[in-house]
Amino acid sequence: MRDAFQKDTFQQIYEKYHQDVFKFLFYMVKNREQAEDLVQEVYIRVLKSYEKFEGRSSEKTWLLSIARHVAIDWFRKNKTIRERIYDKFDWDQQQIMDYKPLPDELALQGEQVQQMYHALDACTVDQKSVILLRYLQELSIAETAKTLGWTESKVKTTQHRALKQLQKQMNIIAEEREGFLSEKTRVKY
């Protein structure tokens, strides 16, 4: 009987929050396949720890907290891989610049959304987490604080800094775009 209850509960949680968890992880790692893999890791952790869920926060904030930890673990693991690649590459002799959007980026609609998506790269993991939880997941300050295990004032401060960083990055992107367009216009005439 208990196993049937757990299956039903898990299925309900999965159906209710799967898209939220996927979107959060997709915006964190910017890769559809990797986000899908990480979603599976989230639900593995949910299965292992659901009995420990005390209900002091909503299931959604609890799931997003787990998703954030899964993403951080993934970033830590991949940081060492990136460092090894960076160390082996001869940056003076090679130039890597590919401005073509990735297929996942093409799926995003609208120019401003794409710019915001790229501007998130300038944010720290904590800042990304706050922005995604507050604006994509539409959590309140209190819910975001519970999800991250922070105080509300830390969420507000991090949100403020993240928004400043995003604005700065959006301005840089706009200036680069204007420079590119004016250069393109000069070449035509």
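## Ground rules

Residues are counted from 1 along each chain as its sequence is written. Since the model is predicted, local features need a pLDDT of at least 70 and side-chain atom pairs count only at pLDDT 80 or more, while totals for chains, interfaces and linings use all residues; side-chain values use heavy atoms, leaving out hydrogens and water.

pLDDT is the predictor's confidence in each residue, on a scale from 0 to 100. The chain averages 78, with 72% of its residues at 70 or more. Helix H7 has the highest confidence, at a mean of 92, and helix H4 (residues 103-107) the lowest, at 52. Take care with residues 90-99 too: their pLDDT is below 50, and beyond near neighbours in sequence this stretch has four contacts in the model.

## The overall fold

What is the chain built from? It has eight helices and zero strands. Here helices are DSSP runs of H or I with at least four residues, strands are runs of E with at least two, and the numbering starts at the N terminus.

Contacts (heavy atoms within 4.5 Å) tell you how the chain meets itself. Among those with a separation of 6 or more, 67% involve residues 24 or more positions apart. Of the 189 residues, 38% are buried. Buried means under 20% relative accessible area, exposed means over 50%, and partly exposed is in between (1.4 Å probe, protein chains only).

## The nonpolar core

In soluble globular proteins, nonpolar side chains tend to be buried together. A nonpolar core is a set of buried Ala, Val, Leu, Ile, Met, Phe, Trp, Tyr and Cys residues joined through side-chain atoms within 4.5 Å. The largest one here has 45 residues, and the members touching the most others are Val21, Phe24, Leu25, Val42, Tyr43, Val46 and Leu63. Helices supplying at least two residues each include H1 (2-29), H2 (32-49), H3 (59-88) and H8 (152-188). H1 gives the most, with eleven residues.

Which residues does Tyr43 touch, not counting those up to four places away in sequence? They are Phe10, Ile13, Tyr14, Tyr17, His18, Val21 and Leu63.

## Salt bridges

The structure holds six salt bridges, each a side-chain nitrogen of Lys or Arg within 4 Å of a carboxyl oxygen of Asp or Glu. In one of them, Asp20 pairs with Lys60, the closest N and O atoms being 3.6 Å apart. Asp20 sits in helix H1 and Lys60 in helix H3, so this pair ties together parts 40 residues apart in sequence. Asp20 and Lys60 are both buried.

Lys30 and Asp121 make another bridge, with their closest N and O atoms 2.4 Å apart. This pair links distant parts of the chain, 91 residues apart: Lys30 is in the loop between H1 and H2, and Asp121 in the loop between H5 and H6. Lys30 is buried at 13% relative accessible area, whereas Asp121 is partly exposed at 47%. Within helix H2, Glu41 and Arg45 lie four residues apart, about one turn of the helix, and they form a bridge at 3.0 Å between the closest N and O atoms. Salt bridges with shared partners join Glu41, Arg45, Asp73 and Arg76 into one network.
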